[in-house]
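Thank you all for making time this morning. I would like to walk you through one model, and I will give the cut-offs as the terms come up.

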Amino acid sequence: MSNLGEKSVKVPPRWFVRSFWYLHRGLYRVTGGRIGTWRPKDTRWGALRLTTTGRRTGRERGVIVAYLEDGPNLTALAMNGWADGEPAWWLNLREHPEAKVDLPGGPRPVRAREAVGAERARLWDLWRGLDGKLDDYAALRSRPTAIVVLEPRPE
C-alpha cells in the first residue's frame, strides 16, 4: 500500500459491475441456461444460478453467483461486488433459507446458512487459495463478508 492511502486492489465502477451482472443473467436466460454457469476448477471458482424467495415480495429472484464445492455443499461469498451492504440474495436467504440452484448438471434444492467459527476460517482459506488478494478485497467492505453454505436438501 502506498503512502497516499491508495487501496492495494481496485474494483470496477459500480455501474460496470451492475451492468455485467445484468448481461450475465440475460445471457443465461436467452440461452435457456446453456451458457452462464460452469463448474469450478482447481484454480477457478464456478458460477451457478441461485433462486431465492424475495424477503419483501415473496417472489422468486434469480442471480448468478460464484461458488466453490465443499463436499456435498456449495459455498458462496456474500460480497456484493465488494461494495458495502449485503447483497439482496443473501438478505433473502437469511429470511427464507430454502432455495434452488441451477448447475451445469441440473437443478438442486438447497438450504442456506452462514459459516461461522472454524468452518468459516477453513472456507475462507479455500477461497483465498484461488485469489491471494481476497483479504485486500474484503477490506474494501466495512463489515465481514459472509460465507454462505448451500446444503443439499430433499426435494
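Predicted model: local features only at pLDDT ≥ 70, side-chain atom pairs only at ≥ 80, totals over all residues.

Residues are numbered from 1 along each chain as its sequence is written, and side-chain values use heavy atoms, with hydrogens and water left out.

Let me begin with the strands, which, like the helices, are DSSP runs numbered from the N terminus (E, at least two residues for strands; H or I, at least four for helices). Six of them form a closed barrel in the order E1-E2-E3-E6-E5-E4, with antiparallel pairing, where pairing requires that DSSP finds at least two bridges between two strands. From one strand to the next, the twist averages 45°, angles being taken from 0 to 180 degrees between the N-to-C directions of lines fitted to C-alpha atoms, for helices over the stretch in contact. E1 and E4 run antiparallel and are joined by three bridges, and arginine 49 stands opposite aspartate 102 in E4.

Turning to the helices, H2 lies across E1, E2, E3, E4, E5 and E6 and runs at about 50° to E1. Helix H3, residues 117-128, packs on the sheet by touching E2, E3, E5 and E6, and its direction makes about 85° with that of E2; contact here means heavy atoms within 4.5 Å.

What, then, of the interior? A nonpolar core is a set of buried Ala, Val, Leu, Ile, Met, Phe, Trp, Tyr and Cys residues joined through side-chain atoms within 4.5 Å, and buried means under 20% relative accessible area, exposed over 50%, and partly exposed in between, with a 1.4 Å probe and protein chains only. The largest such core has 19 residues, and among those touching the most other members are Leu48, Trp89 and Val148. A second, separate core of 13 residues includes Trp82 and Tyr137.

Which residue pairs with glutamate 86 in a polar contact of 3.5 Å between side chains? The partner is arginine 141, a polar contact being a pair of N or O atoms within 3.5 Å, of which, within protein, one must be able to donate a hydrogen and the other to accept it, while residues adjacent in sequence count only if both atoms are side-chain atoms. Glutamate 86 is found in the loop between E3 and H2, and it counts as buried because its relative accessible area is 17%.

Tyrosine 22, by contrast, is in helix H1, residues 14-30, and counts as exposed because its relative accessibility is 58%.
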